[in-house]
Amino acid sequence: MKEKKKNKRLTKNKLAEMLQDLFTRNPDKTLSFKQIFKDLRLTTHPAKMLAVDLMEEMAWDDFLSKVSDNSYKLNMKGQVQEGKFIRKPNGKNSFVPDDGGNPVFVAERNSKSALTGDRVKVTFMARRRNHIKEAMVTEILERARDSFVGRLRVERDFAYLVPDGNVFANNIIIPKNRLKGGKAGEKAVVKVTKWPDDDNKNIIGEVTDVLGEQGDNDVEMNSILVQYGLPYKYPKRVEEAADKITGEITEEDYKEREDFRNVTTFTIDPKDAKDFDDALSIRKLGNNLWEVGVHIADVSHYVTEGSVIDKEAQKRATSVYLVDRTIPMLPERLCNYVCSLRPDEEKLTYSAVFNMDANADVKSWRLVHAVIKSNRRFAYEEVQQILEDNGVKDGTGEPAPPAGPGGYKGEYAEELVTLDALAKKLRAARFSHGAVKFDREELHFDVDEKGRPTRCYFKKSKDANKLIEEFMLLANRSVAESIGRVKKGQKAKTLPYRIHDAPDPTKLETLREFIVKFGYKLKTEGSKGEISRSLNKLMDDCNGRREQNLIEMVALRAMMKAKYSVHNIGHYGLAFEYYTHFTSPIRRYPDTMVHRLLTRYQNGGRSANKEYYEELCEHSSDMEQIAQNAERDSIKYKMVEFMSDKIGNEYDAHISGITSYGIYCEIDENHCEGMVPMHDLDDDYYDFDERNYCLVGRRHHHKYQLGDAVRIVVAKANLEKKQLDFTLAE
């Protein structure tokens, strides 16, 4: 009787799930109706008939193959794939196939405890008509990571870790003899020793490092690094290997290199920088030409391929920049001392040297290994002041007028003003060829000696920053062209490129529809140049307006992400047919790869293995994205920390984001962003209009739109979740 009642309550969706699970667990078996009914305990005639109808539908969906009139098996062709798993906090996880196909939805119940980055095997589930494609994880092939950070809870009989970032549905259980001295409430790193299986759903681990008290600045920054699988300390053997490198320049080095020690040379970097990986030199030649040298730290001279230092740098792939610290790709001895182009010290460089006229047209250039001696270390602010003291108006695009009667003001002012004028010509030419103009502001914090934020503000690139940027772009482009541009019929040698695809047409159309309400237009069809010029006009038109940040944000969403690859498709955003990264080998591994290959080819070497370098490119792209996510988390943490003593304060703000669960508001005064949850909008029931980025009240039709001015009250600052909650002021 109980069995019959159970069958009566069986819904079509539930039975479909049971059938999918049964065939997925038996991928190679042909199952008869009799076996299926027995396994699923289908005892009533209606339940059996429903199962038969569902299997017929699943065969129609290509999920099952019909073997005979009364038996089916899983249709393996195209149903089982391998790829990468991506976990989302809302449970709408996805599977990205190895073959580069579109992501496929994976429900939480079908995720088998997989985590972001895990390599998994999935089976595609039968798709009901008009329903999205869905997959089920059947096997975890390779774990992306096995160490996690969180807060320790210690009870009388057991202990466990509450991981940061909602990575698991359950906590990690820790045997009490595996706590390594960790106490309740402390932050710790735990390594998983046993993953869930069919018999045991628990995750078991052991403490490998106790970070310290929750809320301590160093502890929280290290926690962010561990959360993203990034290293927070250097292996001793790597530091020992770096300490053995003296940085001595030999007589042989001098003989093999071009000597720039007597040419005016300087570095321009952020005021708190220690790793100076690029320098500019300038001298006047005959025939009204200028020689500009872009000198890059010769990291590959010291870091040999396959060495212990190289293996660690390759694994890290990039330096990580958190709010209050840099986690360098190379050991400190190399990045801050041996390789760094410090003033008044002779240094080895790999240099792109350009002969150009007053219009910044390059007449000739050469790529050489060199020796330099920087005359001066400038901060961006110092250079900006010198430019403005000599008549340069920031952002006008106009070169400075000739020096007045008193001559140029400031150290190396004539050289800086000349470089600025050349850079502006290069920039103008770039935009005329279709480069996209995005001058995004960056959020910065001033912090005290304990790492606590004392000020929060936006920083925008000025002429001094753009001066350096243009010459780095010129060097990167020239180097890429020297390898990639070959005569017809010839094959280019292997090189890692920095590539950037054209914008997503659907997202461009969304942008066009969004900006109409602000009175702007955008061309979404035509040549690449026409579209990018239309985007630039939009950026110019909204510059300085209230909606500028919002439009730039939506425009950026339409752009594809730049990445590394040996398969060149050009760089859409820069409008360069060939582009690579050559200018920052201290902090980016692809630049070191490029240096090694350029040296190899200059010495007559054969083309390198394409597949090997493509793997390194993919790894570097992945690590770049992870580093950016960690940086964003550190900004979120500092933002919440900055606002934590301002609970109850009111501020003018504007709506910076709209979601189905609330509205994000950015405070005008300090640019801190928080959310007003949907349940606090209690004057009406609001529907989310995703296409128009707004919430619309059902009864009163009141709208909350991107850019709307609002008055907010700081309600809550949750450091653990890195989350600010606001309410709307009365």
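A salt bridge is defined here as a side-chain nitrogen of Lys or Arg within 4 Å of a carboxyl oxygen of Asp or Glu. The structure is a predicted model, in which local features need pLDDT of at least 70 and side-chain atom pairs count only at pLDDT 80 or more, while totals for chains, interfaces and linings use all residues. Residues are numbered from 1 along each chain as its sequence is written, and side-chain values use heavy atoms, with hydrogens and water left out.

Over the whole structure, 53 salt bridges are found. In general, side chains of opposite charge can pair when their charged atoms come close. One of the salt bridges joins Arg366 to Glu258, with 2.6 Å between the closest N and O atoms. Arg366 belongs to strand S21 (residues 362-373) and Glu258 to strand S14 (residues 258-259), so the pair ties together parts that are 108 residues apart in sequence. Strands (E, at least two residues) and helices (H or I, at least four) are DSSP runs, numbered from the N terminus. Residues are called buried under 20% relative accessible area, exposed over 50% and partly exposed in between (1.4 Å probe, protein chains only). On this scale Arg366 is partly exposed at 27% relative accessibility, and Glu258 is partly exposed at 26%. Both residues also belong to a network of salt bridges that links Glu258, Arg283, Glu291 and Arg366.

A salt bridge is also formed by the side chains of Arg430 and Glu470, at 2.5 Å from N to O. This pair links distant parts of the chain, with Arg430 in helix H12 (residues 413-432) and Glu470 in helix H13 (residues 463-484), 40 residues apart. Arg430 is buried, at 7% relative accessibility, and Glu470 is buried as well, at 3%.

Lys537 is exposed, at 52% relative accessibility, whereas Asp541 is partly exposed, at 34%.

Charged patches were also identified. Patches are made of residues with over 30% relative accessible area and no salt bridge, with like charges joined within 9 Å and nonpolar side chains (Val, Leu, Ile, Met, Phe, Trp, Tyr) within 5 Å. Lys and Arg count as positive and Asp and Glu as negative, while His and the chain ends are not counted. The place of a charge is taken as NZ of Lys, CZ of Arg, CG of Asp or CD of Glu. Accessible areas come from the Shrake-Rupley method with a 1.4 Å probe, and for residues only the protein chains shown count as cover.

A surface patch of positive charge consists of Lys507, Lys561, Arg632 and Lys636. Of these residues, Lys507 is placed in helix H14 (residues 505-516) and is partly exposed, with a relative accessible area of 43%. A surface patch of negative charge is formed by Glu239, Glu240, Asp243 and Glu332. Helix H6 (residues 236-243) supplies the largest share of the negative patch, three residues. Glu239 lies in helix H6 and is partly exposed, at 37% relative accessibility.

Helix H9 (residues 308-316) has Ile309, Asp310, Glu312, Ala313 and Arg316 as buried residues. These residues cover an arc of only 165° around the axis, which puts them on the same side of H9; the arc is that of the directions from the helix axis to the C-beta atoms. Lys311 and Lys315 are exposed on the other side of H9.

Separations between C-alpha atoms were computed for further residues. Gly519 lies in the loop between H14 and H15 and is exposed, with a relative accessible area of 61%. The C-alpha atoms of Gly519 and Cys542 are 9.9 Å apart, with the two residues 23 residues apart along the chain. Arg342 occupies the loop between helix H10 (332-338) and strand S20 (346-356), where Arg342 is partly exposed at 26% relative accessibility. From Arg342 to Gly605, 263 residues apart along the chain, the C-alpha separation is 32 Å. Ala279, in strand S16 (residues 278-284), is buried with a relative accessible area of 0%. Ala279 and Lys716 are 437 residues apart along the chain, and their C-alpha atoms are separated by 46 Å.
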